[in-house]
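Please keep the sequence and the model side by side while reading.

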Amino acid sequence: MWRFSSSQTLLNNNKMRKLASIQKIKALEPIEGADAIEKATVLGWQLVVKKGEFNVEDMAVYCEIDSLMPDKPEFEFLKPRGMRIKTVRLRGQVSQGICFPLSILPSDFAVVEDADCTDILGITKYEPAMPACLSGIAKGKFPSFIPKTDETRVQVLQKVLDKYKGEKCYVTEKLDGSSATFYVKDGEFGVCSRNLELIEDAENSFWKVARQMDIERKLRSIGKNISIQGELIGEGIQGNKLKLKGQTVKFFNAFDIDKFEYLNFFDFNKLIGELKLPIVPIVALDYELENDIDAIVKMATIKSQILKDVWAEGIVIRPYTEKIDLLLLNENFDNGRVSFKAINPEFLLKYGE
Ligand code: ATP
Ligand code: MN
């Protein structure tokens with residue numbers, strides 16, 4: 001029997017983030033007190049460019065933050081920053097990403113808006129090193145019956161905002177830890193990191209926290225094939241910016257394995273509440289999605305609800321009713337779920353990202 005639903009095909013698709021692409025300069029504005037540079041808007045990003053280098057409507061090669069550039073003369077100026085494109089502040093203006101002239105491309109490259117230039121330019125993604133307590137021994141690949149966790153950045157989702165503006169959403173705080181997945185399927189309990197299923201091990205934080213939080217017993221008590229996903233945070237993880245004692249998981253997903261569907265927000269909340277497990281902090285309820293990337297980034301520029309004087313990493317926005325949409329699948333988006341993040345630029349500046 002043919003049992004794959006359309007949502008299943010969408011949710012299982014895994015693609016790489018498009019770090020470099022051909023984009024139009026949407027706007028150019030002066031920066032107060034600066035005459036050699038100006039502010040450009042590309043996609044939903046704002047960045048500083050040399051004055052006069054581009055005109056509005058020009059095409060350029062835009063490289064996002066987290067791009068790790070190859071060791072070539074045209075990228076030489078990034079050597080002091082380890083060849084990495086980070087969020088910076090220049091003359092008071094936050095700048096995210098870099099625009100290069102089309103001439104950095106091979107002469108036979110077809111110049112089409114949105115075309116992916118990541119591979120042709122030899123760009124890879126910067127990934128922070130993983131601490132030993134998180135690595136563990138793999139039992140196998142991440143299970144195919146659960147989608148991996150991921151969130152796309154709002155800056156590349158203008159079309160999604162156009163379509164879903166006004167939609168009733170909930171907004172949670174994005175925690176800067178490590179993705180954790182727990183499941184019970186056909187009597188089997190499993191623990192996974194972002195990309196792997198892990199063998200039980202007393203030294204591994206994912207398994208330690210699973211035992212501390214009694215997750216196996218709690219998931220079995222539900223009596224069906226189910227997965228819950230959250231962010232592992234605390235001592236030894238990502239610098240423990242929220243200064244927690246010990247480690248914990250704050251949950252953000254519940255997934256019905258047999259239906260291959262996420263529980264909607266209300267059912268998720270009810271389930272996690274009944275299991276007496278913590279959820280990620282809630283930033284806003286009944287948020288009517290605005291068609292305004294700058295306003296959403298502003299909403300992400302907040303302190304953490306867990307530790308009030310520390311910048312939050314950002315926010316994650318989702319409609320109350322789960323939605324799957326092809327708009328979040330095309331090109332660089334790896335999962336059709338309508339759910340996305342806005343990272344707090346102040347967090348990126350503070351922690352050098
Ligand atoms: P990028 O896709 O931008 O290159 P990345 O894939 O490393 O980066 P993250 O920046 O880590 O992604 O953002 C996605 C992750 O955020 C999810 O996999 C999840 O583990 C984590 N996360 C933390 N807090 C939340 C939350 N409140 N809701 C959903 N996911 C969250
Ligand atoms: Mn991602």
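The account below begins with conventions, turns to the ligand, and then takes up a helix and several loops and strands.

This is a predicted model, in which local features need pLDDT of at least 70 and side-chain atom pairs count only at pLDDT 80 or more, while totals for chains, interfaces and linings use all residues. Residues are numbered from 1 along each chain as its sequence is written, chains are lettered from A and ligands numbered from 1 in the order in which they are written, and side-chain values use heavy atoms, with hydrogens and water left out.

Ligand 1 is surrounded by 18 residues, of which R17, K125, T149, E231 and K341 are the closest; a residue is near a molecule if one of its heavy atoms lies within 4 Å of it. By class, this shell holds 11 charged, four nonpolar and three polar residues, where Asp, Glu, Lys and Arg count as charged, Ala, Val, Leu, Ile, Met, Phe, Trp, Tyr, Cys and Pro as nonpolar, and the others, Gly among them, as polar. Two strands, β13 (168–174) and β21 (314–319), each supply at least two residues of the shell, and β13 gives the most, with three residues. Strands (E, at least two residues) and helices (H or I, at least four) are DSSP runs numbered from the N terminus.

Taken alone, ligand 1 exposes 640 Å², and the protein buries 89% of that; accessible areas come from the Shrake-Rupley method with a 1.4 Å probe, and for residues only the protein chains shown count as cover. The space taken by ligand 1 is the largest pocket. A pocket is defined on a 1 Å grid over the protein atoms alone as an open set of points, where a 1.4 Å probe fits, with protein on both sides within 12 Å along at least five of seven lines, and a molecule sits in a pocket if more than half of its atoms lie within 2 Å of its grid points.

N204 caps the N-terminal end of α4, with a side-chain oxygen 3.2 Å from the backbone nitrogen of F206. Within the helix, S205, F206, W207, V209 and A210 are buried, where buried means under 20% relative accessible area, exposed over 50%, and partly exposed in between (1.4 Å probe, protein chains only). D214, whose phi is positive, near 60°, follows α4.

The loop between β17 (226–234) and β18 (247–256) contains K241, and K243 has its place in the loop between β17 and β18 as well. K241 is buried, with a relative accessible area of 18%, whereas K243 counts as exposed because its relative accessibility is 61%. K243 is not a glycine, although its phi is positive, at about 50°. E57, in the loop between β4 (45–50) and β5 (59–63), is likewise not a glycine but has a positive phi of about 85°, and E57 counts as exposed at 52% relative accessibility.

I65, which lies in the loop between β5 and β6 and is buried with a relative accessible area of 1%, is 46 residues from V111 in sequence and 22 Å from V111 in space, C-alpha to C-alpha.

Technical notes: 1 Å grid on protein atoms, 1.4 Å probe; cavity = no way out; pocket = protein on both sides within 12 Å on 5 of 7 lines; lining within 4 Å. Polar contact = N/O pair within 3.5 Å; in protein donor to acceptor, adjacent residues only side chain to side chain.
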